[in-house]
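Q: I have a model open and want to go through its side-chain contacts. Can we take it step by step?

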Amino acid sequence: MSFCSFSGGEIFQNHFEPGVYVCAKCGYELFSSRSKYAHSSPWPAFTETIHADSVAKRPEHNSPDALKVSCGRCGNGLGHEFLNDGPKPGQSRF
């Protein structure tokens, strides 16, 4: 499973089959289906990455509660990490 550009309907939003989500550009492992959960956003939601270096994060200038996230290997843009917006208190949502 790989991430792709949003085109009006994210095909993996309601996909809960076991597997690994990888970068669409380089194939690096990003998220496991074990950390995926249902969320109201149009994107799939995860609580953690597979590897400590799966993603790179940098501050989002307009939002103190979000970080810009990119592939830790190739730098492909993946979206955001929303701090304290996960399914449990203190968890983030990717």
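Q: Is Glu 81 buried or exposed?
A: Glu 81 counts as buried, at 6% relative accessibility; buried means under 20% relative accessible area, exposed over 50%, partly exposed in between (1.4 Å probe, protein chains only). This is a predicted model: local features need pLDDT of at least 70, side-chain atom pairs count only at pLDDT 80 or more, and totals for chains, interfaces and linings use all residues. Residues are numbered from 1 along each chain as its sequence is written, and side-chain values use heavy atoms, with hydrogens and water left out.

Q: What does Glu 81 form a salt bridge with?
A: Its partner is Lys 57, with the closest N and O atoms 2.9 Å apart. A salt bridge is a side-chain nitrogen of Lys or Arg within 4 Å of a carboxyl oxygen of Asp or Glu. Glu 81 lies in strand E7 (residues 77–82) and Lys 57 in strand E5 (residues 55–59), so the pair ties together parts that are 24 residues apart in sequence. Strands (E, at least two residues) are DSSP runs, numbered from the N terminus.

Q: And Lys 57, what is its relative accessible area?
A: 46%, so Lys 57 is partly exposed.

Q: How many salt bridges does the structure hold?
A: The count is 1.

Q: New topic. Where is Cys 71?
A: Cys 71 sits in strand E6 and is buried, with a relative accessible area of 2%.

Q: What is Cys 71 in contact with, leaving aside neighbours within four places in sequence?
A: Its contacts (heavy atoms within 4.5 Å) include Cys 23, Tyr 28, Val 55 and Leu 78. The C-alpha atoms of Cys 71 and Val 55 are separated by 4.6 Å.

Technical notes. Helix = DSSP H or I, 4+ residues; strand = E, 2+ residues; numbered from the N terminus.
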